[in-house]
Amino acid sequence: MKGIPMQAGVLRVLRATAASWWRHRELRRTGQTRQAQRRERETVLRDLGYLKQAASLPNAHVICGEGGTFIHLGWTTVSTFAPIERFPLAALAVARGTPFIDVRPVTDVIAFANLPRVARDGSGDPEPSGSGKSVSLTTYIDMVEGLGARILKDPRSHQSA
């Protein structure tokens, strides 16, 4: 993940999260321990894949608003209705360097809803307005920051002027 060795803490969090899922707990309660362990391993591997994508895709980002938290990974989105504080996978992605956009402070929901989407591949449309348009992550951050969003792990600070 961007040259950073996998940390035991990351695996510990992913394992604990997988083990706490209600379905895995129910399998254990009914004596299906092997199936619970298999599913937990699959969940940890899937989540490790999401973390690797978050670290390597140019427009990957985590966004948190009143409707929940979303990890945008190009064609894949991982989400929950919970804030980032209760979504360990998103918190790990941000801790490992994925840009985080907190839109909870944004009050103009109409302007926010009319923003173009972030392009999946790192590119953007030459004219970033109107329905169906897409922009680069850095352009999107400029736009959403103007509406009052908070940015952590800002990718713009790594670019030369």
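Me: In which segment is the place of Lys153?

Reply: In this predicted model, Lys153 is placed in the segment after strand S7, which spans residues 150-152. Its backbone deserves attention, as phi of Lys153 is near 55°, a positive value in a residue other than glycine.

Me: Where does Thr98 lie, and which residues is it in contact with, leaving aside its neighbours within four places in sequence?

Reply: Thr98 belongs to the loop between H4 and strand S4 (100-102). Once neighbours within four places in sequence are set aside, the contacts of Thr98 are Ala54, Ala55, Ala60, His61, Val62, Ala93 and Lys153. With a relative accessible area of 3%, Thr98 is buried, because the cut-off for that class is under 20%.

Me: In which segment is the place of Lys153?

Reply: In this predicted model, Lys153 is placed in the segment after strand S7, which spans residues 150-152. Phi of Lys153 is near 55°, a positive value in a residue other than glycine.

Me: Does Lys153 count as buried, partly exposed or exposed?

Reply: The reading rests on cut-offs: under 20% relative accessible area is buried, over 50% is exposed, and the range in between is partly exposed. Lys153 has 41% relative accessibility and therefore counts as partly exposed.

Me: Where does Thr98 lie, and which residues is Thr98 in contact with, leaving aside its neighbours within four places in sequence?

Reply: Thr98 belongs to the loop between H4 and strand S4 (100-102). Once neighbours within four places in sequence are set aside, Thr98 is in contact with Ala54, Ala55, Ala60, His61, Val62, Ala93 and Lys153. Thr98 is buried, with a relative accessible area of 3%. The C-alpha atoms of Thr98 and Ser56 are separated by 9.1 Å, although these residues are 42 residues apart along the chain.

Me: At what angle do helix H1 and helix H2 pack?

Reply: An angle of 65 to 115 degrees counts as roughly perpendicular. H1 (residues 8-20) and H2 (residues 22-29) pack at about 65°, with their axes 5 Å apart, and these helices are therefore roughly perpendicular to each other. H1 contributes Ala18, Ala19 and Ser20 to the contact, while H2 contributes Trp22, His24 and Arg25. By class, these residues are 3 nonpolar, 2 polar and 1 charged.

Me: Which residues touch the most other members in the largest nonpolar core?

Reply: In soluble globular proteins, nonpolar side chains tend to be buried together. Here the largest nonpolar core has 22 residues, and Leu14, Val62, Ile71 and Leu89 touch the most other members. At least two residues of this core come from each of H1, helix H3 (33-56), strand S1 (61-65), strand S2 (68-73) and helix H4 (88-95). Another core, of 13 residues, lies apart from it and includes Ile63, Ile101, Val106 and Leu115.

Me: Which residues is Ile71 in contact with, leaving aside its neighbours within four places in sequence?

Reply: Ile71 is in contact with His61, Val62, Thr76, Thr77, Val78, Phe87, Leu89 and Ala90, its neighbours within four places being left aside.

Me: What share of the residues of the protein chain counts as buried?

Reply: Of its 161 residues, 38% count as buried. The accessible surface comes to about 9,500 Å², and 54% of it belongs to carbon and sulfur atoms. Among contacts with a separation of 6 or more, 51% involve residues 24 or more positions apart.

Me: Where do Lys133 and Arg38 lie?

Reply: Lys133 is in the loop between strand S5 (117-118) and strand S6 (134-135), and counts as partly exposed at 28% relative accessibility. The C-alpha atoms of Lys133 and Ala119 are separated by 8.4 Å. Arg38 has its place in helix H3 and is partly exposed, with a relative accessible area of 37%. Its C-alpha atom and that of His24 are separated by 9.6 Å.

Terms used: Residues are numbered from 1 along each chain as its sequence is written. This is a predicted model: local features need pLDDT of at least 70, side-chain atom pairs count only at pLDDT 80 or more; totals for chains, interfaces and linings use all residues. Side-chain values use heavy atoms; hydrogens and water are left out. Axes are lines fitted to C-alpha atoms, for helices over the stretch in contact, and angles run from 0 to 180 degrees between N-to-C directions. Angles under 35 degrees count as roughly parallel, over 145 as roughly antiparallel, 65 to 115 as roughly perpendicular and the rest as oblique. Contact means heavy atoms within 4.5 Å. Ala, Val, Leu, Ile, Met, Phe, Trp, Tyr, Cys and Pro count as nonpolar, Asp, Glu, Lys and Arg as charged, and the others, Gly among them, as polar. A nonpolar core is a set of buried Ala, Val, Leu, Ile, Met, Phe, Trp, Tyr and Cys residues joined through side-chain atoms within 4.5 Å. Buried means under 20% relative accessible area, exposed over 50%, partly exposed in between (1.4 Å probe, protein chains only). Accessible areas come from the Shrake-Rupley method with a 1.4 Å probe; for residues, only the protein chains shown count as cover.
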